[in-house]
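Dear colleague,

I am handing over the structure below, followed by an account of what was found in it. Please keep the structure open beside the text as you read.

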Amino acid sequence: MLKDELIKLIQASPKLSLYPEEIDYLKKHDIQADTISQHEKHSFSRFSDAYIERGDKETEEVIGVESESFLAQPLVYLKEHMNEFIYLESKWFDLIRVDAISLEVDDVFKTYDVLLGLKQPKKVENLIRLFLDEQINNIEHSYELLFNQKDGVWDINITLNALKAFNENGSIGEAYAFTYQFLFRLAEAIESEK
């Protein structure tokens, strides 16, 4: 699935820029990627056409719809606006089987959390847990995983601060790029075990 979707993206956009994880994935599967350039590790330029909105955490009402330039805001913006969350939809999320990713600061622990729905079958629970356990530093309650029977997706909340290599000194866009790359590796891990 991941392989086929990545090939479609490459064929649709020959001058595509990919993250190192995606380039490595192509190499592992002997897919020629000579014409593809590589993004910087946490470049968020691929989200230039994403739908971005700020929402109120309490009411979930939309505060404002933002342009790509909002992603350049320092991540600390969320600590300065604790009542807000950021909701982002991107065509790139289809590749990793996610509709959208919300980013917010936890009111109690003041950590950066992402919330998402992962479109994977219920039977891959052990693979998801194993991957998360391997990637997370020893911080209690650093993720929640619950299968949503109604929608057929995994509702996942992850504390970014608990993930290896997370840097909270970057921008909102860099946090989304980091999250995407993390989820790409998760999708790859699930695919390799199916």
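**The sheet and what packs on it**

In this predicted model, seven strands make up an open sheet, arranged in the order E4-E3-E5-E6-E7-E9-E8 with antiparallel pairing. Strand E4 (62–66) and strand E8 (143–148) are the edge strands, each of them pairing on one side only. From one strand to the next, the twist averages 15°. Within the sheet, strand E5 (residues 84–89) and strand E6 (residues 98–105) run antiparallel and are joined by five bridges, and Tyr-87 has Ser-102 in E6 as its bridge partner.

Helix H5 (residues 125–135) packs on the sheet, where it touches strand E7 (112–118), E8 and strand E9 (153–159), and its direction makes about 165° with that of E8. Helix H6 (residues 172–193), for its part, lies across E5, E6, E7 and E9 and runs at about 135° to E6.

**Helices that pack against H6**

Helix H1 (residues 2–12) packs with H6 at an angle of about 130°, and the two axes are 10 Å apart. An angle of that value makes H1 oblique to H6. On the H1 side the contact is made by Leu-2, Lys-3 and Leu-6, and on the H6 side by Phe-184, Ala-187, Glu-188 and Glu-191. Sorted by class, this contact of H1 with H6 has four nonpolar and three charged residues, with no polar residues.

Helix H2 (residues 20–28) also has an axis that comes within 9 Å of that of H6, and the two cross at roughly 25°. Because angles under 35 degrees count as roughly parallel, H2 is described as roughly parallel to H6. The residues that meet are Pro-20, Glu-21, Glu-22, Tyr-25 and Lys-28 in H2 and Tyr-180, Gln-181, Phe-184, Arg-185, Glu-188 and Glu-191 in H6. By class, the contact of H2 with H6 has four nonpolar residues, one polar residue and six charged residues.

Reading the two lists together, you will find Phe-184, Glu-188 and Glu-191 of H6 in the contact with H1 and again in the contact with H2.

**The largest pocket**

The largest pocket has a volume of about 290 Å³. Its lining consists of 16 residues, and those that lie nearest the centre of the pocket are Asp-106, Phe-109, Asp-113, His-141 and Thr-159. The elements that give two or more residues to this lining are E7, E8 and E9, and the largest share, three residues, comes from E9. Sorted by class, the lining of the largest pocket has five nonpolar, six polar and five charged residues. E7, E8 and E9, which contribute to the lining in this way, are also the strands that helix H5 touches where it packs on the sheet.

With best wishes

Notes: Residues numbered from 1 in each chain as written. Predicted model: local features only at pLDDT ≥ 70, side-chain atom pairs only at ≥ 80, totals over all residues. Heavy atoms only, no water. Pairing = 2+ DSSP bridges. Helix = DSSP H or I, 4+ residues; strand = E, 2+ residues; numbered from the N terminus. Axes fitted to C-alpha atoms, helices over the stretch in contact; angles between N-to-C directions. Contact = heavy atoms within 4.5 Å. Parallel < 35°, antiparallel > 145°, perpendicular 65-115°, else oblique. Nonpolar A, V, L, I, M, F, W, Y, C, P; charged D, E, K, R; others polar. 1 Å grid on protein atoms, 1.4 Å probe; cavity = no way out; pocket = protein on both sides within 12 Å on 5 of 7 lines; lining within 4 Å. Points joined across faces, edges and corners; volume = space filled by probe spheres on them.
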